[in-house]
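Q: I have a protein open here and I'm new to it. Could you walk me through how it is put together?

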Amino acid sequence: MNTNAKQQIGARLRSARAAAGLSQKDMAEALMVSRQVISKWERGDSAPTIPQLAELAAMYCVCAHTLIFGVPYRDFAMGRLMSGWLKLAETQEDGHDGRETTN
């Protein structure tokens, strides 16, 4: 992850923490890390692990996608994914698995 991305995520973490009314100390205790670790994440000097990011998102009542990319996950993306799955399922029901075969 490049420095700019870490700084952007850090700013989102700081903003979400403030919006939740929590201190760095509160977060450090909840995640069992030092307050300095929380500070490093918020400055963009380092980044939380995926499990830590999931915990942060839950504590801040935001989705992890918002913390990483700055916008909530879009419903239409799931709709496109689901329509692709439905097409694949229909193909498989017709006896085709969607792959080409060579004889």
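Q: How many helices and strands does the secondary structure of the protein come to?
A: The secondary structure comes to six helices and zero strands, where helices (H or I, at least four residues) and strands (E, at least two) are DSSP runs, numbered from the N terminus. Read along the sequence, the pattern is α-α-α-α-α-α. Please keep in mind that this is a predicted model, in which local features need pLDDT of at least 70 and side-chain atom pairs count only at pLDDT 80 or more, while totals for chains, interfaces and linings use all residues. Residues are numbered from 1 along each chain as its sequence is written, and side-chain values use heavy atoms, with hydrogens and water left out.

Q: OK, and what share of the residues in the protein is buried?
A: Of the 103 residues in the protein, 20% are buried; buried means under 20% relative accessible area, exposed means over 50%, and partly exposed lies in between (1.4 Å probe, protein chains only).

Q: Which residues have the most contacts inside the largest nonpolar core?
A: That core has 13 residues, and those with the most contacts inside it are Leu13, Ile38, Trp41, Leu56, Tyr60 and Leu67. A nonpolar core here is a set of buried Ala, Val, Leu, Ile, Met, Phe, Trp, Tyr and Cys residues joined through side-chain atoms within 4.5 Å.

Q: And which elements give two or more residues to this core?
A: Those elements are H1, H2, H3 and H4, and the largest share, four residues, comes from H4.

Q: Let's stay with Trp41. Where is its place, and is Trp41 buried or exposed?
A: Trp41 has its place in helix H3, and it is buried, with a relative accessible area of 4%. Leaving aside neighbours within four places in sequence, Trp41 is in contact (heavy atoms within 4.5 Å) with Lys6, Gly10, Leu13, Leu31, Ser46, Ala47, Pro48, Gln52 and Leu56.

Q: What separates the C-alpha atoms of Trp41 and Leu13?
A: They are separated by 7.7 Å, although the two residues are 28 residues apart along the chain. Leu13 touches Trp41, Glu42, Pro48, Leu53, Leu56, Tyr60 and Leu67, once residues up to four places away in sequence are not counted.

Q: What about Gln52, buried or exposed?
A: Gln52, which is found in helix H4, is buried, with a relative accessible area of 18%. Not counting residues up to four places away in sequence, Gln52 touches Val33 and Trp41.

Q: Changing topic: at what angle do H1 and H3 pack?
A: Helix H1 (residues 3-19) and helix H3 (residues 35-43) pack at an angle of about 120 degrees, with their axes 5 Å apart. Axes are lines fitted to C-alpha atoms, for helices over the stretch in contact, and angles run from 0 to 180 degrees between N-to-C directions. H1 and H3 are therefore oblique to each other, since angles under 35 degrees count as roughly parallel, over 145 as roughly antiparallel, 65 to 115 as roughly perpendicular and the rest as oblique.

Q: Which residues in H1 and H3 meet?
A: In H1 they are Lys6, Gln7, Gly10, Ala11, Leu13, Arg14 and Arg17, and these meet Trp41, Glu42 and Arg43 in H3. By class, this contact has three nonpolar, two polar and five charged residues, where Ala, Val, Leu, Ile, Met, Phe, Trp, Tyr, Cys and Pro count as nonpolar, Asp, Glu, Lys and Arg as charged, and the others, Gly among them, as polar.

Q: How about H1 and H4, at what angle do their axes cross?
A: Their axes come within 9 Å and cross at roughly 35 degrees. Leu13, Ala16 and Arg17 in H1 meet Leu53, Leu56 and Tyr60 in H4, and the residues of that contact divide into five nonpolar, no polar and one charged.

Q: One last topic: what is the phi of Met32, and where is the place of Met32?
A: Phi of Met32 is near 60 degrees, a positive value in a residue other than glycine, and its place is in the loop between H2 and H3. Most residues other than glycine have a negative phi. Met32 is exposed, with a relative accessible area of 76%.

Q: And Cys61, where does it lie?
A: Cys61 lies in the loop between H4 and helix H5 (64-69). Its phi is near 60 degrees, again a positive value in a residue other than glycine, and Cys61 is exposed, with a relative accessible area of 71%.
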